[in-house]
Amino acid sequence: MKRPTARLRTAVVGGLIALGAALFSPLATASAARSAVDPVPLPVADYCGGQCSDILPPGQSGNATLAQILLHKAFGTLPEHTSDQLARYAALAGGYPGLTDAKINDFFNDASFGVPSSQVASTISPRSDVTITRDKKSGVPHIKGTTRYGTEYGAGYAAAQDRLWQMDLFRHVGRGDLTPFAGGALANQGLEQEFWPQAPYTEADLQAQVDRIRTTEGERGRQAMADAQAYVDGINDYRTQSKNGRYFPGEYVLTGHIDSITNAGEIQPFKLTDLIALASVVGGLFGGGGGGEVQAAVSLLAAQQKFGLEEGTRVWESFRGREDPEAVLTVHDGTSFPYAQKPAAPQGTALPDAGSVVAEPLVYDRKGAATAAAAAAPPKPVKQSMSNALLVSGAKTASGHPVAVFGPQTGYLAPQLLMLQELQGPGLSARGASFAGVSMYVQLGRGQDYAWSATSAGQDITDTFAVELCEPGGAAPTTASASYLFRGTCTPMEKLEHSNAWTPSVADGTAAGSYRMQVWRTAYGIVTHRASVAGKPVAYTALRSTYRHEADSMIGFQMLNDPAYVTDARAFQQAAQHIGYAFNWFYADSREAAYYNSGANPVRAAGADPALPVLGRAAYEWRDFDPTANTAAYTPPAEHPQSIGQDYYISWNNKQAKGYGAAGFGMGAVHRASLLDDRVKPLVAAGGVTRASLTRAMEDAAVTDLRGENLLPELIDVLAGAPVTDPAAAAAVQKLAAWRDAGSERKETAPGSQTYANADAIRIMDAWWPLLIEAEFKPGLGAPLYDALRASLTIDEAPNAGHGPTGSHAGSAFQYGWWSYADEDLRMVLGRPVADPPSRVYCGGGSPSGCRDVLLATLKQAAAATPAAVYPADGTCAAGKQWCADGIVQRPVGGLAHPMTTWQNRPTYQQVVEFPAHR
């Protein structure tokens, strides 16, 4: 949503008078809930010995009353614990070179269980069977229950204390009705238009998922739904108390839901189906994989039209890169896990007729502000896949115990999607991060003697089917037909729709408007495109294996929180097998480090090519497919990439293992995981790894430009084929070489300087890369194919590359780009070995001198580009401000804003752990 308008500044005095002193503290009228009970004692069962740490910026508290929001807008003040982890998180970028084990908690929180009595800030008992203790340093809730119900009730109550507005906001995102709730800002339109089509449900659909978990998952399923109900009860009690006590989040007033004078209005109660809607948002952002087959088919057709059927297919396959032997792997011991590979004899592939593909419209009946030109393409949420993990087994550490530095990237929001908590109760013992609104369990964190984390895996759990269209009465179908052949019967598609209308508010002054969102649902998924295949009209549909199963993964999280279940690495892997979303899971205790790739991997029909659309016919369905509940046969756990005791593990959303087919483009020889692998491998070879040395390796990668470290040496070698006589080009080469020799870092000259060392070389590289890639590849590919391939994989994702998938000021960088394509092409030009050579060489037509001419021409153009041209103004930064263009912004999800911090390519929530003992 937009930041509240400038009118707030003039409303401060009147607002404060009207609200009264009770609104200054969210606990001001909750004194009755306080009790004189003792603080949560330090548990006996904490085997980390003070060697577990974590961090989650900007801060724990995400709720602010109206008075606090108004004060923030007028004077810049921030409520307690809303921003107190941000400075420590940001400081690591400058402080990591001198990091020692003793200094880790200068940059992280102590993640030990419990709260020492001297550090207790507050203790409340919202029920007699639970206490919520918050510590002075960070305000994290430590929830201790004497009953299971009380523990989960406390989790819901604490979540509402910290994230009530955000949870409310995102349940509306999941339900597709955000704009009526929060306003018609373009960002709000983009959110609901991005997420609802991925997981469109009726209320009955949502309830069916609740019922399915309760009735088909045995005792753990029944317990999960009982936990969820207790959690919802805790949310609702805090919701009622804060409303009656007038210490609820001020955004409810600013968006017009509650009157600031009379307190009239309502915060709608939460229910179990809201948790399913929230889970669909989380899964859509971080746990999906696959899809994109229609665009892949378009680029394949373009390649075949350019080069002919056989050569065009070879060219396309070289860019698709399904099994690059030089790809960085998480399981690097040679073990193979075949999945989603190219079939030897493809069957049922449904390529569209050239030029026939049309995207399915989503928005209809626009009125008012929804008719504005900008509303036709509202900003969409960014891809999130920056999560990384570094683990070293005990044989290679100084202590003899595994060391892990790992965490997920969930974007930089204020407040964060994740929140910290500790849960201690019957069958529950964990501390860590959970997504607000579904935080009945710790989802990433530590138990009594083990820790775990995840990265987005992205393996192929989403397929595209081409369903043949028909007319019920037997008339000739067209691409507009709303019925399709399902197992031989002409079947009507199901229309799902949302009509959303909004009006202006103080928080969002967007003029009144409305529209209707509509999707068509089939047995094979949601219609995404229409086209013709061999002259017959079809609809392309996307079917995700976790659709209608948005919260099934809670069984796995329940197990991970249960100290009686997780006793070693193998039990951890068994717990992770119950998580249907596509994640890479990592584990460390005092004895072992381990890995497991989770996901409901469907078993495809023989001959079905997972990289391209297939015909929507019974012969090409997933094995044992039942469309009613969207179930199928899934690959057994033994076929998922996994390992226990490998010397080290790294993951940065890279290829998991040999044979495990990449779900998209870009899994080649150069990947941002190379930045981790190239640092951890020598550490392991030397031995004696510590928490500090592994953290330093992570952070050194986090401030390094992948292009500078992995591509620039080859570029300079091509240029060195002859003397560079042009003075401007020679000066540029000299600057770039100096930057390469200094480590290719995008790092301040000193903390807080807001100026990069080697700033001019960085400017040149930022300007050069897009020019270079186009000049290197476009002439040989031709414009249609080059553009089609760019639609599948953007060419650049520098920190400031707002045109890339992650947007600007997002931290995440170098995940998506043509790094591997350029690397292999340049090595071919230089005559260096390439394990799986591409079918063609592009730079300068394969001639070293011709390639050198291409590089020199584009380099001169880049060197002449002014800072203002390379770093244009973007609403946050003035033109030409390089550091600012890279800087990380905590994007407001409510009424509070936070300072920009220096760029880091690093997880949002992060743990540093080393367990010296085990049960």
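## Salt bridges and a kinked helix

Asp 168 and Arg 171 sit three residues apart in helix 4 (residues 148-175), about one turn of the helix; helices here are DSSP runs of H or I with at least four residues, strands are E runs of at least two, and both are numbered from the N terminus. This is a predicted model, where local features need pLDDT of at least 70, side-chain atom pairs count only at pLDDT 80 or more, and totals for chains, interfaces and linings use all residues. Residues are numbered from 1 along each chain as its sequence is written, and side-chain values use heavy atoms, with hydrogens and water left out.

- The side chains of Asp 168 and Arg 171 form a salt bridge at 2.6 Å, N to O (a side-chain nitrogen of Lys or Arg within 4 Å of a carboxyl oxygen of Asp or Glu).
- An α-helix has 3.6 residues a turn, so residues three or four places apart point the same way.
- Both Asp 168 and Arg 171 are buried (under 20% relative accessible area, with exposed being over 50% and partly exposed in between, using a 1.4 Å probe and protein chains only).

- Arg 521 pairs up with Glu 494, with 3.0 Å between the closest N and O atoms.
- Arg 521 is buried at 5% relative accessible area, while Glu 494 is partly exposed at 35%.
- Back to the network: salt bridges with shared partners join Asp 168, Arg 171, Arg 175, Glu 203, Lys 271 and Asp 274 into one.
- Arg 446 and Asp 46 also meet in a salt bridge, at 2.7 Å, N to O.
- Here the partners are 400 residues apart: Arg 446 is in strand 14 (residues 444-446), and Asp 46 is in the loop between helix 1 (7-19) and strand 1 (52-55).
- Arg 446 counts as buried at 1% relative accessibility, and Asp 46 does too at 19%.
- The structure holds 53 salt bridges.

**Helix 17**
- There's a kink of about 45 degrees at Leu 712, shortly before Pro 713 (the bend is the angle between axes fitted to the seven residues ending at a residue and the seven starting there).
- Eleven of the 14 residues of helix 17 are buried, so it is largely enclosed by the rest of the structure.
- Among the buried ones are Arg 707, Asn 710 and Glu 714.
- The cover over those buried residues includes helix 15 (673-686) and helix 19 (759-781).

Technical notes
Contact means heavy atoms within 4.5 Å.
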